[in-house]
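Me: I have a few "how do you know" questions about this protein. Could you take me through them?

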Amino acid sequence: MYRAVTRQIEVTVEPNFVPEQSSADRSRYFWSYTIVITNSGDETVQLKTRHWIITDASGRQQEVKGEGVVGEQPTLAPGERFEYTSGVPLSTASGFMTGRYQMVSETGERFEIDVPTFSLDSPDNKRVLN
């Protein structure tokens, strides 16, 4: 599990390789990832946008920006959490993702919180230790 905390908002990520949606022969590797956002602060916040940078093992990057997550812009009161699962395909057997969410406080202040950088590793990815 990967974890980041910004302004008392915790984001955890649990990536999982999905073999039934992957094919090494076709250079298609798919992961699901479950994200939990927990508001440990003392003010209500709303997630407005997401910004992802996805990097495969060859160094190719793709950038994804958009409104909310999984079609929602969740509002989290103090102590509340929001959990969702999404997915990402790569053409290589490994890679990583990093990102940020833009939040807005109940007073209208906009700020960004970190999503921890997380690794995408398939069983086909052979590691070499020196």
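Me: Why is Ile35 called buried?

Reply: Ile35 has a relative accessible area of 0%. Buried means under 20%, exposed over 50% and partly exposed in between, with a 1.4 Å probe and protein chains only. Therefore Ile35 counts as buried.

Me: Good to know! Where do these numbers come from?

Reply: This is a predicted model, where local features need pLDDT of at least 70, side-chain atom pairs count only at pLDDT 80 or more, and totals for chains, interfaces and linings use all residues. Residues are numbered from 1 along each chain as its sequence is written, and side-chain values use heavy atoms, leaving out hydrogens and water.

Me: Which element holds Ile35?

Reply: Ile35 sits in strand E3, residues 29-39. Strands (E, at least two residues) and helices (H or I, at least four) are DSSP runs, numbered from the N terminus. The protein chain has 9 strands and 0 helices.

Me: What makes a residue count as one that Ile35 touches?

Reply: A contact means heavy atoms within 4.5 Å. Not counting residues up to four places away in sequence, Ile35 touches several residues, including Val11, Trp52, Phe82 and Val115.

Me: How far apart are Ile35 and Phe118 in sequence and in space?

Reply: They are 83 residues apart in sequence, and their C-alpha atoms are 11 Å apart in space.

Me: And what share of the protein chain is buried?

Reply: Buried residues make up 42% of its 130 residues.
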